Amino acid sequence: LPTSSHNQGRRGSQPLMTRTPSSDTAIFNRTPQSTPSVGSNASWGEGVASFTSLTSPSQPRKKKQWGKNASSITVRHTRLVTQVGTRLDFSLLINLCDQLEKLPALTHLDLSGAWIMPAGAAMLGTALESLTCVTHLDMGNCDIRTVGMARLLPALNNNLDLTYLGLASNNIGDVGATALGEALRFCMSLNTLDLSSNQLSGDGVEALKPIFVATTRLMSLDLSSNVRHFSHGVSQGHKLAEKLAKSLRGTNCSLTHLSLANNAIFAGGAHQILRTMMENSHSLTSLDLGSNGSSPNRLSPEGLHSLQGALISITLKHLDLSHNNLGTAGAKTLSIALSARSQVETINLASNNLGSPGFDFVAKFLLSKHANIRKLNLSSNNLHCGAMKNLAEALEGLECLSSLSLADNPSLCLKDPSPTEIGEVQDCSGVIQLCAKLRDPEICGNLLELDLRNTGLAVETWSNIVGLVANANSMHTFNGINLDGDFKGLD
């Protein structure tokens, strides 16, 4: 049977922002994880056969075999524990565990989405105890929970060369996180740790400190989507950020990617984290704080002011502040922060209710001498014609821009709201000016991706859009459609 490849997929990512932490696309896309289903294909690495799991209980079971020298096994989005009526069928997982014990050279095991549950985690943990060379272990979305986490700990203790550990969406809770911190306290090689969507509180994050102390190589940490509630009126996300800052302080941990998206960190939490990053490490290049504020709560001015200091002190290049309800006031503070010798190249400001007044402040940053933006996401911000005129002017200094999203701004061809005018007044001049600049190879010759979906473009502007896409030799994606380097027409 043919094998099927699976790209790394968030939280959200996002994974956010699972997504690859260092990937530029991670900061723009928040694709939900696929629900694993029976019948998915799975493939194995070197010298290994591929298989397709059962699509129905009535199909004959086939025993799978792996080459004895196999170093990599991937079983992504394939349920290894199926349900037949009211009974759980562990036969596929049992077969896998039997084979794992015969693969001493195994270094890479990807079971993300395998849905093995706590009982399956216990079986798998026993099988993995005989292995000592595993460096990459991904068990995201396996529903192992706290009990299953405890049964996996002996296996983690035996693999001290582990560099990647993915445990996203497993609901291990604070108890599981505490056990994990103890199990990995001697793992000095860990490079990437994904604990997103695990119902961790500040206490659980604080229990991870032994990991931060043990390794100087930890570069990527994903704690997104762990807190979504309040306790006695206090944001638990705020506490999570404070405890994380406390745990990182004084260690030699050199994070380059940190995701705290979707944790209700809209008060001083961001302030605490950024202060720690400035004091403890100047290596952070990617920060995801998306989905941390909603009306009437938003990322605080204190947090945004801390961002200004962080942008001066650390080499932050990728910043995600999407879905934070920044508004005009937040945009003003952010613009000041970004204008302070910023090295940011990728910025996601989607869904922040900027409006044209808020974008005026963003445009001031884009016009500043420090702006070196390569990817800019302004989707879902209620932008009008005036904002497009400002953006057109700002593009003259953004020769490196390769990706621009204005999607879901249905008023681009309408005048900015005015108290002297009643109703909506059409005005396409801003979009026409923008297209003229985008079409100029001297200004936007590096543009690769442009998204104008759901922007309410008037009929008279489409000739400018068509001309833009047809003449842009470098563009390969328009409105999410791969152009394959050739303009093939627009409906």
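These legends walk through a predicted model, starting with the whole chain and then going in close.

Residue numbers start from 1 along each chain as its sequence is written, and side-chain values use heavy atoms, with hydrogens and water left out. Because this is a predicted model, local features need pLDDT of at least 70 and side-chain atom pairs count only at pLDDT 80 or more, while totals for chains, interfaces and linings use all residues.

View 1. Helices (H or I, at least four residues) and strands (E, at least two) are DSSP runs, numbered from the N terminus. Of the 491 residues, 55% count as buried; buried means under 20% relative accessible area, exposed over 50%, and partly exposed in between (1.4 Å probe, protein chains only). The chain's accessible surface is about 20100 Å², with 51% of that belonging to carbon and sulfur atoms. Those areas come from the Shrake-Rupley method with a 1.4 Å probe, and for residues only the protein chains shown count as cover.

**View 2. Helix α2, residues 117-128, a mostly covered helix.** From first C-alpha to last, the twelve residues of α2 reach 16 Å, close to the 16 Å expected at 1.5 Å a residue. The expected span is 1.5 Å times one less than the number of residues. Nine of the twelve are buried, among them Met117, Pro118, Leu124 and Leu128. The buried residues of α2 pack against β5 (87-89), α1 (91-100), β6 (108-110) and α3 (145-158), where contact means heavy atoms within 4.5 Å.

**View 3. Helix α12 and its cover.** Look for Cys385, Ala387, Met388, Leu391, Ala392 and Ala394, which are buried in α12. What covers them includes α11, β17, β18 and α13.

**View 4. The salt bridge between Glu345 and Arg374.** A search of the whole structure turns up ten salt bridges, each a side-chain nitrogen of Lys or Arg within 4 Å of a carboxyl oxygen of Asp or Glu. In this one, N and O are 3.5 Å apart. The pair links distant parts of the chain, 29 residues apart: Glu345 is in the loop between α10 (327-338) and β16 (346-348), and Arg374 is in the loop between α11 (355-366) and β17 (375-377). Glu345 is buried at 16% relative accessible area, whereas Arg374 is partly exposed at 35%.

**View 5. Glu396 reaching Lys437.** The closest N and O atoms of this salt bridge are 2.8 Å apart. Glu396 sits in the loop between α12 (385-394) and β18 (403-405) and Lys437 in helix α13 (residues 429-439), so the bridge ties together parts that are 41 residues apart in sequence. With a relative accessible area of 44%, Glu396 is partly exposed.

View 6. Asp451 is buried, at 12% relative accessible area, while Arg453 counts as partly exposed at 42%.

**View 7. Arginines over aromatic rings.** Arg79 lies over the face of Trp115, 4.4 Å from the ring centre. Arg185 does likewise over Phe186, at 6.0 Å from the ring centre. A charge sits over a ring if NZ of Lys or CZ of Arg is within 6 Å of the ring centre and within 35 degrees of the ring normal.
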